[in-house]
Amino acid sequence: MKSILENNSIKYQVEQVAEVAGYLWQKGWAERNGGNITINITEYIDDSIKRLSPISEVKAIGATLPYLKGCYFYCKGTNRRMRDLAKNPMDNGSVIKILDDCASYVIIADQPVAPTSELPSHLSVHNYLISKGSPYKASLHTHPIELVAMTHSPKFLQKDVATQILWSMIPETKAFCPRGLGIVPYMLPSSVELANATIETIADNYDVVMWEKHGVFAVDTDIMSAFDQVDVLNKSAQIYIAAKNMGFEPDGMSMTQMQEMSVAFKLPK
């Protein structure tokens, strides 16, 4: 096997990651090496891939994650740019296998590209998702400009204040991001504390988590769906900020209008 992309299912998943990476760069959400993507590709692993020899030494995750035993992940590489990943995903990312101790991994394909420095955080979230029987396989961290800007105002950091405003800007936001936007107060990037707070917020029934003054962390069934949720939320933030720049506070949809839409589209109330 010259490339793991000879497996068509994995090739499709990696191509989706590359497409999303291009969107993140085009939108200005991925400056320099900003942002991370990790997807669980275990279900697509065949016998030929299981026979591949590691191309790296054994590396510690930094946490013991019992639900990840034998799992495989495609990960963006550390210090790699999204714009480069969009063009060459296997030169700027790699596939790793979690070993039986659930605390270490090896790189198996295609190049020995060290995965993101935030790997412990991403894998901790995946470990939680599997433990709960979640169908979610993708995690995305990126820096959407308008959403990050809103977190510089304390009023938007209160629980569900930003959610209600963003939902009210355009009907599609609640339709396509029905769980809203969870908030995590500022914590040191890549820290265990930030990872734990993110998991707690996902456990509180959010798919998209806003890290104060930093960026968002989104999970979903696939990477395109995770991107879509961030995209619609940031579009609402753009509408809100555009109205403020025009000199007025936008009315937004009323609670009655949003409730009517929730019933019509069978959304969570």
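Between which strand and which helix does the loop that holds Asp110 lie? Asp110 is found in the loop between strand S5 (104–109) and H4, and the legends below, which describe close-up views of a predicted model, begin with this residue.

**View 1. A cis peptide bond between Ala109 and Asp110.** The peptide bond that joins Ala109 to Asp110 is cis, with an omega of about -25 degrees. For background, most peptide bonds are trans, and most residues other than glycine have a negative phi.

**View 2. Helices H4 and H8 packed against each other.** Helix H4 (residues 119–131) packs with helix H8 (residues 192–203) at an angle of about 30 degrees, and their axes are 9 Å apart. Because angles under 35 degrees count as roughly parallel, H4 is described as roughly parallel to H8. On the H4 side the contact is made by Ser121, Ser124, Val125, Tyr128 and Leu129, while H8 contributes Ala195, Thr198, Ile199, Ile202 and Ala203. Sorted by class, this contact of H4 with H8 has seven nonpolar and three polar residues, but no charged residues. The crossing in which H4 passes H8 is right-handed.

**View 3. Helices H1 and H9 packed against each other.** Here helix H1 (residues 8–26) and helix H9 (residues 223–245) pack at an angle of about 20 degrees, with 9 Å between their axes, and the two helices are therefore roughly parallel to each other. The crossing of H1 and H9 is left-handed. Gln16, Val17, Glu19, Val20, Tyr23 and Leu24 in H1 meet Ile223, Met224 and Phe227 in H9, and by class the contact of H1 with H9 has seven nonpolar residues, one polar residue and one charged residue.

View 4. Cys75 is in no disulfide, and the nearest cysteine sulfur, that of Cys71, is 12 Å away. With a relative accessibility of 0%, Cys75 counts as buried. The sulfur of Cys102 is 8.6 Å from its closest cysteine sulfur, in Cys71, which is too far for a bond. Cys102 also counts as buried, because its relative accessibility is 8%.

View 5. Although Asn79 is not a glycine, it has a positive phi of about 60 degrees. Asn79 lies in the loop between strand S3 (72–76) and helix H3 (82–87), and it counts as exposed because its relative accessibility is 52%. Cys102, which is not a glycine either, has a positive phi of about 60 degrees, and it lies in the loop between strand S4 (93–98) and S5.

Definitions and conventions
Residues are numbered from 1 along each chain as its sequence is written. This is a predicted model: local features need pLDDT of at least 70, side-chain atom pairs count only at pLDDT 80 or more; totals for chains, interfaces and linings use all residues. Side-chain values use heavy atoms; hydrogens and water are left out. Axes are lines fitted to C-alpha atoms, for helices over the stretch in contact, and angles run from 0 to 180 degrees between N-to-C directions. Helices (H or I, at least four residues) and strands (E, at least two) are DSSP runs, numbered from the N terminus. Angles under 35 degrees count as roughly parallel, over 145 as roughly antiparallel, 65 to 115 as roughly perpendicular and the rest as oblique. A crossing is left-handed if the near helix is turned anticlockwise from the far one by less than a right angle, and right-handed if clockwise. Contact means heavy atoms within 4.5 Å. Ala, Val, Leu, Ile, Met, Phe, Trp, Tyr, Cys and Pro count as nonpolar, Asp, Glu, Lys and Arg as charged, and the others, Gly among them, as polar. A disulfide is a pair of cysteine sulfur atoms within 2.5 Å. Buried means under 20% relative accessible area, exposed over 50%, partly exposed in between (1.4 Å probe, protein chains only).
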